[in-house]
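Biologist: I would like a close look at a single part of this assembly, the place where two of its chains meet. Please take me through that contact, and then through the ligand sites.

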Amino acid sequence: MTALLETRGVWQRFSGLIANSDISISVGRGEIVGLIGPNGAGKSTLFNLIAGVLPPTQGSIWFDGEDVTRLPAAERCVRGIGRTFQVVKSFETMTVIDNVIVGALVRTTVMREARRKAHEVLEFAGLAARADVMASELIPSEKRRLEVARALATEPKLLLLDEVLTGLTPIEAQTGVELVRRVRDTGVTVLMVEHVMEIVMPLVDRAIVLDLGKVLVEGKPADIVREPKVISAYLGDRHAVGA
Amino acid sequence: PEVVIGVTYPLSGSNAQIGVDAQHAYGAAADVINSKYDFDLPLAKGVGLPGLGGAKVRLVFADHQGDPQKGRAEAERLITQEKVCAVIGTYQSSVAVTVSQICERYQVPFISADNSSPSLHRRGLKFYFRPAAHDEMFSAAMFDFFDALKKKGTKIETLSLFHEDTIFGTDSGNAQLKLAKERGYKIVADIKYRSNSPSLSAEVQQLKAANADVLMPSSYTTDGILLVKTMAELGYKPKAIVAQDAGFSEKALYDAVGDKLEGVISRGSFSLDLAKKRPVVGTINTMYKAKSGKDFNDLTSRQFMGLIVMADAINRAKSTDGEKIRAALAATDMPGEQTIMPWKRVKFDDMGQNNDADPVLLQYVGGKFVTVFPAQAAIAEALWPMK
Amino acid sequence: MTAETIIQSLASGLLMGLLYGLIAVGLALIFGLMDVVNFAHGEFLMIAMYATFFLFAFFAIDPLLSAPLVAAALFVFGAVVYLVIVRFAVRAKANAGMVQIFSTFGLAIVMRGLAQFFFTPDYRSVTHSWFGGKTISVGGIFLPQPQLIGALVAIAAFVALYFFINRTDFGRALEATREDAGAVALVGIDKNRVFALGWGLGAALVGLAGAIMAMFFYIYPDVGASFALIAYVTVALGGFGSVFGAFAGGIIVGLVEATTALIMPPSLKSVGIYAVYLLVVFVRPRGLFGSM
Amino acid sequence: MDTAFAQRRRRDLIVAACLAFVAALVPLFVRDVYVQNIMVLTLMYAALSQSWNILSGYCGQISLGHALYFGLGAYTTAILFTKFGVLPWFGMIGGGLISAVIAMALGYPCFRLRGHYFVIATIVIAEIALLLIQNWDWAGAALGIDIPVRTDSWLTFQFTRSKLPYFYFALALACIAWFVTWWLEDSKWGYWWRAVKDNPDAAESLGVVVFNSKMGAAAVSAFLTAVGGSFYAQFVSYIDPESVMGFQFSLLMALPAVLGGIGTLWGPALGAVILIPLTELTRSFIGGSGRGVDLIVYGTLIVLISLARPEGLVGLFSRRRKGAVR
Amino acid sequence: MLSVHEVTTAYQGLVAISAVSLDVAKGEIVCVAGANGAGKSTLLKSIAGAERPRSGAVTFDGARIDGLAQHAITARGIAYVPENRRLFPRLSVRDNLRLGSYLYRHEADRDQPLALVFQLFPRLSERLEQRAETLSGGEQQMLAIGRALMTRPRLLMLDEPSQGIMPKLVDEIFQAVKRIRDAGMTVLIVEQRMAECLDIADRAYILQTGRVLMQGSAADIKGNPDVRKAYLGL
Ligand SMILES: Nc1ncnc2c1ncn2[C@@H]1O[C@H](COP(=O)(O)OP(=O)(O)OP(=O)(O)O)[C@@H](O)[C@H]1O
Ligand SMILES: Nc1ncnc2c1ncn2[C@@H]1O[C@H](COP(=O)(O)OP(=O)(O)OP(=O)(O)O)[C@@H](O)[C@H]1O
Ligand SMILES: [Mg+2]
Ligand SMILES: [Mg+2]
């Protein structure tokens, strides 16, 4: 079976700056893959290319056996790519439930159905109690959860999570990890960016490390953290010892 | 008892000054009617309207802001709420269209005191009356004047038209275009400009390039001021200017640029010179000036007469019934001597137009207007070219 | 159409363009740099013209001399308008843009009403100023002196504003306040002070424009309306956030207006300006030099 | 499930029906045509503002050039009737369709623009249209079009003195505009529009085709606005470019929605009910002085309302929905 | 130096912190921890003047500062780095830093903190002309702290400075905090990474649903078995 997502030799340039250079990665169905790497390595940029915010300067993106490089973002969402934004983008003048309904409307135009789905997703994401609150009143960590809920409501095959578990206490992070696992268990493939090793290590099946826009290494998390290149570029000494 | 007459003008917005001046003019007319004066004007001698037992005329003013819809609503309010028995207005021709329509619907006579668009009286309205001239008559007077000058050997061959893109400007431009063609004058520039433009330099330049024998502007005060200033700035000194009134009869224009307008000729319905032949004109002008600080001009004199004509008809109708007043208006035959205008008389044709409202041409000389045409009203020869 | 006509047109267009620039420079600060809508810009111009007129009529101060006085008066006025009205409009959480538009639109109506109330709707003109009505002729091309002075003042105003914005702490604070009005308090900046000063300054520039305009334009309560839309288009054409853009925008507007009048009926000359604006933003959605 | 929400929508509908019913009875008691005239205008502005609200309030594309669509509706109807004898009802539909098509054609380049650039583009486009019509002799140019008065009939939609037919038509129009909004509010389009307004990037990532959403909103909004314009032409029976396409008019269409509550269901109606009578009454009863007092009063009120209630007057009515209390 | 006395703050009627008291002595690093929504950010906002407390008192150097405008509190010497950093996105790094010293007119007053910033975060000195919005997450955090230091504060308040920062830099930032204290400033820090934070802190507070649950020396807190279980996940 082919991979669910594949990037083939993808480049992204921003007037002089190369944010992604020749990135070829693949994500198999049902995997949880971690995308890690230093600040500014190009992780969010790669997410943007996969989700269709920008067309890559060069290279192609394949999803579910199909070349989606030229498809606009909305169309990719319909195909099954759901994403969150690192800098959260909630619909501030709408309630939490309405935010999620927007997502659910990709799959149905029956409002009753969309509303039901939205409730279900909020329940799943642990935001049910805040359903009727304006999105602008959420605290940052709740807003990130709303991002996830919204993306889940689109019933994605692939979910791109950009630092949604930051700013949580270790205990809360634990619940977050559980949430991601449950998402995967519903058959969704997950590609996630996270800087907190305590979350990445136990959660991901495989990790891809980007540095300076290139793939540095990829492999099992336990192996990655021992990699000297990763330690010097990303983890720093303390984690090297710790791991 | 009183007779209530509705008067609607722009009392706010860019033409508010017109409305304010009109209030004084109508006020003066109402005063002449309601108090006892020894003038040879209809209704001046007694108090109020004798036909209605000395009832006094009361005016109700309404602001239409130059908006046809508002004019319509105000006319309706005047008729239904203020119970006016007649309406007078409106300055802007577009507003006159809707106001006259409403009056027609309610069978209330309407006097179009100072609207000069020729299309207004041609709509087959029964309750529409215009004692004064319209633009075709005015323009015809100008061309009569040119013809007369030509006979005396003055060279007038080419004309430049300069008119704004409103009803007034368009109608005036069309009338002049038509007359020029009929009488064999060549139009070398026909410039339609946007009213209240921030700049007229491009327009003036084209006028300058055309350099016609006569420049014929149809502009309101604001554009008039800007036009004259811009002409001076761009070194354009036309041989003669014959203006379609409006801004060119406004004091503000001459206050601003009078020195550059020595010798300008404007058509008009009114001339203070008439005071020499008919002293009452001077007396009434003094009355008006006491209130407004200004001399009667082309607009305010027509407004004054509008109310006199209307009151006269109501008086003769002996009733405030619309249909009766209409009949009385239709039967009006007021000799020119009983007006403050150089008119032959006031007598309406079946479309409600007074065709005997002879226009005059006035020339601005030494800070004053002097009547130069037609011959029977003229007190001086026209200075041609204009200095 | 002779060469002279064309040159004269372009020369007049250029002068007019600089004048539009002068009228727009205050707006370039308030609307362009501070990103606050001021629908009463034309009315600011109107009161500046009245102020000039009255200084001339009662104290016989020539507009050129009264320009600094008018600018100072307008500075106070602008700051007060910010503190009394606009401060609350920018604070609105929902629909801040519309609240700004309509609160300043309301202000514009009030100002017109007040002008009518106190000054009457009469048309006024400054009749005998030093330069009013004078004109220079260079090889058959006429350049009116008031507009020439306006052009010089415009250039000076733009240069001054440019340096003020780019070279001073206040300029930086202004930009920062626009970027994130809530965050400037983190570095100890009082956003109301900065914006009040910005409004004062913007209004002062309008004051200069009004004093120059009064030399050759008529004055009445609605006079601002003739210039307001052109000023907005000028700022947007040049691009929000760029002082130079507004300057270039003014010149382009003036030249386009003059050329349109050469090839189309003059009553359509603003169509040329508007069409150029649309063309520019369709190709460059941030105007010619805009950063926002 | 979620009965509170369903209840609220049902309540809105019932309240609207009751208000419409009561409104329909009012002219039976208020015979004064001047007051009836104000009521007609109020309803017309409510409908117009409601239409404007769809594009600018819900979808967030602030248009200050809606006079264009209003004018198109008015002109289409008037030209078809006076030049071709086509009944105004067809002109109404035709004008609506033409406006919708033009709105989409203009939307094509304009919806790429953001913020003030967009707003100014809408102003400028309406202004261009105004100037073109002003100079278009066939369409009456500045002279406008005077719709000849014939006998009273629903067929030609002309009534000499009675305001009632106009009143009921305007009421129907306001109700339709309200109902369309109500209906769209809880539909895919309604959600898409609000999402596009709040954050187009996020909307796009959730499968919302931002461009099409804007186009849809523009088409509906332009159609309804043009029907309003068509009504106006019949009601006033005279149109000229300045009075149906002027910039002031675009502002007046937006004003009720802004004061009442932009992007809300009840805002435009509430704004119109307060603002229009106020405008008319200030002009009629203090405008006669010629001293601008009406402007001062009117302007001051606009400033005060927009500053005191930036979220609109509907804020006075809706109780804040509280989040879960900790 | 800073004393928060029974402060209660609410958002539209919703109480976020109630009767919270906290003291910070000169030269200390004090850490505030707690679960999501416990009210940590609200506490810092209430001190900084970004939210106005409903009741209670905040005194700084013996003077009441609650009720002062936020910029005035900054001018008194309290610098606050909020959770979302609030840089001026389209201004350059240089301008962001310069704005930090807006309150100072003399170049000398600006050079001294600038030297400290460059010494702590040498990377900023390499990126002076870059627009703040194009910096990577970590660099933005450095800039936010740097900008706060430019106000020459006596008290620096940091809200979750480690958020979104790669592991290697997290350590650097904590080390920087320590050096900032060593340079003579007092630090109040809100952190989720309690373990790392307690390593450098002198004292700590734990908030729970808007109230102070626990307070004490960093070592005590770290050793507390409840804390280890509930907050450190050990
Ligand atoms: N729109 C843009 N224009 C210019 N440069 C950009 C743009 N977007 C990103 N960059 C640059 O591209 C590089 C990669 O950015 P990206 O956001 O992908 O990093 P990241 O790996 O997600 O980092 P972090 O972990 O801090 O979020 C950075 O140097 C950033 O400044
Ligand atoms: N702008 C706001 N409007 C309404 N309620 C708010 C707002 N900001 C915070 N709250 C509420 O106040 C409470 C405390 O929020 P606060 O941001 O102080 O928590 P926190 O401890 O900083 O959480 P986190 O660790 O997620 O940053 C929360 O219940 C939150 O819902
Ligand atoms: Mg990132
Ligand atoms: Mg927080």
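Modeller: A polar contact here is a pair of N or O atoms within 3.5 Å; within protein, one of the two must be able to donate a hydrogen and the other to accept it. By that rule, in this predicted model, chain C and chain D have 6 residue pairs in polar contact, counting pairs with both residues at pLDDT 80 or more. Four elements of chain C give two or more residues each to the side that touches chain D: helix 3 (63-91), helix 4 (96-119), helix 8 (225-238) and helix 10 (269-283). Helix 4 of chain C gives the most, with 15 residues. By type, the side of chain C that touches chain D divides into 35 nonpolar, 10 polar and 3 charged residues.

The contact draws on 48 residues from chain C and 41 residues from chain D. Between them the two chains bury about 3800 Å², and 78% of that lies on carbon and sulfur atoms. The rule for salt bridges finds 0 across the interface of chain C and chain D.

Now the ligands. Ligand 1 lies between chains A and E. It is surrounded by 16 residues, of which the closest are G40(A), K43(A), S44(A), T45(A) and T134(E). Strand 2 (17-27) and helix 1 (43-51) of chain A each supply at least two residues of this shell, and helix 1 of chain A gives the most, with 3 residues. The shell around ligand 1 divides into 5 nonpolar, 9 polar and 2 charged residues. On its own ligand 1 has 640 Å² of accessible area, and the protein covers 75% of it.

Ligand 2 is surrounded by residues from chains A, D and E, so its site is shared between chains. There are 18 residues around ligand 2, and G37(E), K40(E), S41(E), T42(E) and E83(E) come nearest. Helix 1 (residues 40-48) of chain E gives the most to the shell, with 3 residues. The shell around ligand 2 divides into 5 nonpolar, 7 polar and 6 charged residues. From chain A, a polar side-chain atom of R130(A) lies 3.0 Å from an oxygen atom of ligand 2. From chain E, a polar side-chain atom of Q192(E) lies 2.9 Å from an oxygen atom of ligand 2. Taken alone ligand 2 exposes 630 Å², of which the protein buries 89%.

How values were computed:
Residues are numbered from 1 along each chain as its sequence is written. Chains are lettered from A and ligands numbered from 1 in the order in which they are written. This is a predicted model: local features need pLDDT of at least 70, side-chain atom pairs count only at pLDDT 80 or more; totals for chains, interfaces and linings use all residues. Side-chain values use heavy atoms; hydrogens and water are left out. Contact means heavy atoms within 4.5 Å. Buried area is the accessible area (1.4 Å probe) that two parts lose on being put together, summed over both. A salt bridge is a side-chain nitrogen of Lys or Arg within 4 Å of a carboxyl oxygen of Asp or Glu. Ala, Val, Leu, Ile, Met, Phe, Trp, Tyr, Cys and Pro count as nonpolar, Asp, Glu, Lys and Arg as charged, and the others, Gly among them, as polar. A residue is near a molecule or strand if one of its heavy atoms lies within 4 Å of it. Accessible areas come from the Shrake-Rupley method with a 1.4 Å probe; for residues, only the protein chains shown count as cover.
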